[in-house]
Amino acid sequence: MSNAATFDTRTDSAIPVESPLAYSYRRSGAPAAGPESRVTLRERALLGQLVLRGGAIVLDEAVREVLGLGLPGEPQGLVQDERGERSIQWLSPDEWLVIVPGGEEFELETRLRERLGDAHYAISDVSGGQTLLELEGEAARELLMKTVIYDVHPSHFPVGRGVTTVFAKATAIVRRPSEERWELVVRRSFADYCYRWLLDAGEEYAIGVVR
Amino acid sequence: MFYIYCPYCGEHREEEEFHPKGQAHIERPKDPEACSDEAWGDYLFFRDNPRGVHHELWVHAVGCRKFFNVTRHTVTYEILETYKMGEQPSITADAQGQPREAVAASRQEGVRA
Ligand SMILES: [Zn+2]
């Protein structure tokens with residue numbers, strides 16, 4: 001076990017927590033999804049998110065053992081477990097984003113630290129700093145084409161890919177976990193802006209928000 | 001659309017994701033206490049401003065956030081290659097590695113200047 005100081009950010013469940021979009025729902029509303037909606041938006045709030053940094057070989061062994069999931073082998077790679085609840089995404093040659101169901105992150109961090117011992121690595125709990133938005137529907141890709149500078153055509157952006165890129169002049173992670181679903185990981189401080197951008201850009205597709 | 005190849009992401013990415021960071025391959029004097037004022041001043045303040053092939057440091061600021069090197073032609077703006085930190089350029093200013101029309105152009109310009 002390393003001597004890094006760690007703490008569980010969710011020790012006291014009596015403290016009410018709000019998703020980064022709580023303010024946006026109050027201020028901008030949330031149009032309901034209907035039969036005419038060609039794209040829907042859903043926030044997967046308060047997931048556990050860890051950033052792992054270090055050498056690929058050492059980290060790969062550790063996450064395989066602790067999480068049962070290996071690091072993606074290629075740049076821009078995204079791997080997930082069978083149920084799609086836990087995922088690991090390549091961010092840079094020595095950096096990966098791990099997303100797990102909310103509440104699992106501290107135990108995962110602790111077990112990784114035990115497993116990694118004195119290896120040269122860093123784990124940061126970024127759960128409070130960003131949130132995950134899902135886009136679904138036939139117009140999801142069209143909406144992204146208006147929004148990100150990265151080419152999201154299926155021939156260039158197959159399932160199992162994730163990139164950090166410019167999102168409507170802000171920064172976001174865009175990922176494609178399955179054929180019909182796109183995911184955005186946005187910073188908490190950008191969340192309201194990104195939400196309002198998506199409502200505005202999605203208006204022509206009768207965008208609906210699933211809550 | 002203008003694409004730059006990031007050697008760490010392994011693909012071409014939109015220019016908007018990158019920032020230039022000045023001249024590449026600048027080495028800090030090994031022993032600053034012992035080096036002359038001139039050498040230290042060169043290291044801190046003086047940069048090359050060539051007409052032609054130039055090696056620059058860029059960062060993939062929105063993306064992998066890694067620094068890397070770019071060999072760029074300052075007359076044509078053409079990016080001749082990109083390579084990782086710690087590597088050496090394969091294209092340098094001597095005429096061998098330089099595109100022929102660029103050599104001719106820089107000579108002409110040189111006369112006029
Ligand atoms: Zn990159």
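Trainee: Which side chain meets that of A:Arg115 in a salt bridge?

Mentor: The model is predicted, and the contact is counted from a nitrogen to a carboxyl oxygen within 4 Å. Here the N to O distance is 2.7 Å.

Trainee: Is A:Glu65 buried or exposed?

Mentor: A residue counts as exposed when its relative accessible area is over 50%. A:Arg115 has 30% and is partly exposed. A:Glu65 has 53%, so its class is exposed.

Trainee: Which strand holds A:Arg53, the salt-bridge partner of A:Asp94?

Mentor: The side chains of A:Asp94 and A:Arg53 meet with an N to O distance of 3.0 Å. The pair links parts of the chain 41 residues apart, with A:Asp94 in the loop between β4 (87-92) and β5 (95-100) of chain A. A:Arg53 lies in a strand of residues 48-54 of chain A, which is β2.

Trainee: In which helix do A:Glu107 and A:Arg111 both lie?

Mentor: These two side chains also meet in a salt bridge, at 3.9 Å, N to O. The residues are four apart, about one turn of the helix. Both lie in chain A, in helix α3.

Trainee: Which four residues are the protein donors of the zinc ion?

Mentor: The donor atoms lie 2.0 to 2.4 Å from the zinc ion. In sequence the donor residues are spaced C-x2-C-x50-H-x3-C. They are B:Cys6 (SG), B:Cys9 (SG), B:His60 (ND1) and B:Cys64 (SG).

Trainee: What is the geometry of the zinc site?

Mentor: Four donors count as tetrahedral if all angles lie between 85 and 135 degrees. The angles among the four donor atoms of the zinc ion are 106 to 114 degrees. The site is therefore within these limits, and its geometry is tetrahedral.

Trainee: Is B:His60 buried or exposed?

Mentor: Buried means under 20% relative accessible area. B:Cys6, another donor, has 0% and counts as buried. B:His60 likewise has 0%, so its class is buried.

Trainee: What is the arrangement of the rings of B:Phe18 and B:Phe68?

Mentor: Ring planes over 60 degrees apart count as edge-to-face. The planes of B:Phe18 and B:Phe68 stand at 80 degrees, with the ring centres 5.8 Å apart. The arrangement is therefore edge-to-face.

Trainee: How many residues apart in sequence are the parts that B:Phe18 and B:Phe68 tie together?

Mentor: B:Phe18 lies in the loop between β2 (11-14) and β3 (19-23) of chain B, while B:Phe68 lies in strand β5 of chain B. B:Phe18 counts as buried at 4% relative accessibility, and B:Phe68 is buried at 0%. The separation of the parts they tie together is 50 residues.

Trainee: Which residues make the nonpolar surface patch of about 370 Å²?

Mentor: One member, B:Phe46, lies in the loop between α1 (37-45) and β4 (53-59) of chain B. At 58% relative accessibility, B:Phe46 counts as exposed. The patch is made by B:Leu44, B:Phe45 and B:Phe46.

Definitions and conventions. Residues numbered from 1 in each chain as written. Chains lettered and ligands numbered in written order. Predicted model: local features only at pLDDT ≥ 70, side-chain atom pairs only at ≥ 80, totals over all residues. Heavy atoms only, no water. Patch = residues over 30% accessible without salt bridge, like charges linked within 9 Å, V, L, I, M, F, W, Y side chains within 5 Å. Areas by Shrake-Rupley, 256 points an atom, 1.4 Å probe, with all protein chains shown as cover. Helix = DSSP H or I, 4+ residues; strand = E, 2+ residues; numbered from the N terminus. Buried < 20%, exposed > 50% of the residue type's maximum accessible area, 1.4 Å probe, protein only. Donors = N, O, S within 2.8 Å, 3.2 Å for Na, K, Ca; no water. Tetrahedral: all angles 85-135°; square planar, octahedral: opposite > 155°, others 65-115°. Phe/Tyr/Trp six-rings, centres within 6.5 Å; stacked < 30°, edge-to-face > 60°.
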